[in-house]
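Biologist: I would like to learn how to read a sheet and a chain contact in a model. Could we take them in turn?

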Amino acid sequence: MSDTIALLSNVTIESLALRVKKEIERSEEEFRENQRSRRPNEPRPPGFDEEGVRRGQRSQQLSEPRPPELNEEGVRGGQRSQRLSEPRPPELQIEVFTPPGFDTWRPELLNPSSALWEDRVKTIYVILHGPAIFPEGAARFAEILSEPLNILAQARTEHKDKILVVSTLDLPSSSASPLTGVNFSARATAHWRNELEKMDFPILDLSELVAETGRERFYSPKMWYFGSLPFSGQGEILLAREILRIEKAVRGKRKKCLVLDLDGTLWGGVIGEDGVEGIALASSGMGSQYRDLQRVAKELSERGILLAIASKNNLEDALRPFREHPNMLLKEENFVKIKADWNPKPANIAAIAKELNIGLDSLVFIDDNPVEREAVKTVLPQVAVPDFPDGDTSQLPAFMKNVARRYFTTLRVEKEDLQKTEMYRAEAEREAARNSHLSLDDYLASLEMKLTLYRLRPGDRHAGEIARAAQLTQKTNQFNLTSRRYTEADLAAMTNDDRVRVWMAELHDRFGDYGRICLAIARLDTRAPDEPAATIDTFLMSCRVMGRGVEDAVLGCVERALVDEGVTTIRGEYRETSQNEPVRGFWDKMGYEPETNLPGEGMWVLRAPLNERRTKICLNC
Amino acid sequence: MQNIIDIISEVLGTSVSEDSSVDDVAGWDSLKTLQIVMALDEAGCEIPLEKIAEIRSVRDVVTFAKQEAR
């Protein structure tokens, strides 16, 4: 069952993942609330729970007397089968997964054994923070972006069963930009988007979200400096909702037909009373809000959404604006069904669904009249009936755009656009073939990583080393095999103890210096003189450098140092915490044999002679 | 102050008191601290960057938020 979405990013993403989960819960509650409010007078079934709600409702609906207006046998039959098969909304079943570590999206996509490729994962969202891609500015954008683009193209080619959704980049202009000359930020964001479009990636339009919200509200410098998380709470909520919206589109839950009312919805006023001259509908100024609303509906129809009309009017009156009003954007031929009569709207809408042979749950109904909306909600609970903005008609176009996004987003447009898509896709595949195949090893090699491992000795380096070592033991949670927390005094004592070895490692790559990111502590055990042993008491690494094989390289150096001292048996310890799940299988992966393996903790052993550990890192140890 | 405690409870998913601290609330990690600060920000209650790392308890949050309000 594909029920998991994965989030990848070049910045902290765990908080957004929690936010997405919250939005899923929220939409679940909304859904239940809706179901409940549609049967306000009925008591909750005993043993009320998720299943109970649905079962209870279904049986109530089945045993209900026919609504008087639905006497037509066919309609009622159609309705019943709809209700029986009514699904829960798709969001309810989505789990959210983020791979461990920080900024690991590239190695995760390249790693054939990443958890991303498990069956449960269906959609992968790659959300990129523009400024973090261009720490040195965007002048060399084409060169800098080529690697990420190659990785994305390749991941998709190799994992055709996954849907990769990629964000656009939002990149503020350099504050030192002159008024004339090239704006590299704008070029970089355009280049990224062009390339994604050429390769036909589904896009999460981050820069559009930012544009609508404003950078000031979307980002939070405080979160960025505290936790490498660029977004504000507001920004995260918008991103989470966008992800859910895309997820619905990906899962094909888009509605098929938009049913529109006429008076007060497509134009202002009442055609039967005001006449063609009297209704509000204009090409500019007052009345043009209705034209703008029509434009959105027209775009939907051009993208293959069916339009229909359900209006209480004389048919003749209803059609006059379409035929006579110069500012009607929508024409009769844009509609597949026009029901303008004095029948109850639920009956007309049910008839539209039946005649088009689509499910009631494929319909969205728009009406400015709350009484009509309520009638449709009550009689046809499967039909989506969004609230119409009351009071201020200047909100109508925005409302309609919202409806379009919420109910009618699709992964891609088929038919005539398909040809263009096909062309782009072929080009992208040629492009991918030209670019040499990228393996995880190639990628790691391209990082030009340099690792320096050094032993902490009493007094031979300044005191800052001890402080950093203590800080690493206290702050590192994910990649930490034993999670023992030490103070500076503890560590100073260890460096003075000739039976203890303490190492730290620094990492540097072509993007910059990561500083001291690894700590290993080994305790020597010479009780059995013929078999000198050592136990790795602490082995931890900052999550900023996970996914690059740094741990293999550090462990290799540590093992070699111990063997050089005559150690023949090395034991690795593991103590489980709520956060160190990513390293549960570490010793096993490193070739250690289990010695004791109790729930939550274990001791693993490796005996000399040791095999050389393969690495793509230039070692200095 | 009750407002701040409510926000913290909401983020941590469990009811906390002024005496609760990172050591006795299960799952209160640095990510949760970050979300608490974020939620307080949204509610118009700012804790300065320098103080975030010092947060060890509900009382700390209340103190830092009050200092800022003054």
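This is a predicted model: local features need pLDDT of at least 70, side-chain atom pairs count only at pLDDT 80 or more; totals for chains, interfaces and linings use all residues.

Modeller: Residues are numbered from 1 along each chain as its sequence is written, and chains are lettered from A and ligands numbered from 1 in the order in which they are written.

Biologist: What does the secondary structure of chain A come to?

Modeller: Chain A has 23 helices and 17 strands; helices (H or I, at least four residues) and strands (E, at least two) are DSSP runs, numbered from the N terminus.

Biologist: In what order do the strands of the open sheet in chain A stand?

Modeller: Strands of a sheet pair through backbone hydrogen bonds, either parallel or antiparallel. Here five strands of chain A form an open sheet in the order E2-E1-E3-E4-E5, with parallel pairing; two strands pair if DSSP finds at least two bridges between them. E2 (95-97) and E5 (203-204) of chain A each have a single partner strand, so one side of each is left without a neighbour in the sheet.

Biologist: How many bridges join E3(A) to E4(A)?

Modeller: Four, and Ile124(A) has Leu164(A) in E4(A) as its bridge partner. E1(A) (residues 4-9) and E3(A) (residues 121-127) pair over six bridges, with Ser9(A) opposite Ile127(A). E4(A) and E5(A) pair over two bridges, where Ser167(A) stands opposite Leu204(A).

Biologist: Is E4(A) mostly covered or open?

Modeller: A residue is buried if 20 or more other C-beta atoms, placed from the backbone, lie within 10 Å of its own. In E4(A), five of its five residues are buried: Ile163(A), Val165(A) and Ser167(A) on one side, Leu164(A) and Val166(A) on the other. Across the 621 residues of chain A, buried residues make up 37%.

Biologist: Where does chain A touch chain B?

Modeller: Two residues are in contact if their C-beta atoms, placed from the backbone, lie within 7 Å. By that rule, 16 residues of chain A are in contact with eleven residues of chain B. Helices H1 (14-37), H10 (221-227) and H11 (233-250) of chain A each give two or more residues to that side, and H10(A) gives the largest share, five residues.

How values were computed: A residue is buried if 20 or more other C-beta atoms lie within 10 Å of its own, exposed if 12 or fewer, and partly exposed in between; C-beta atoms are placed from the backbone.
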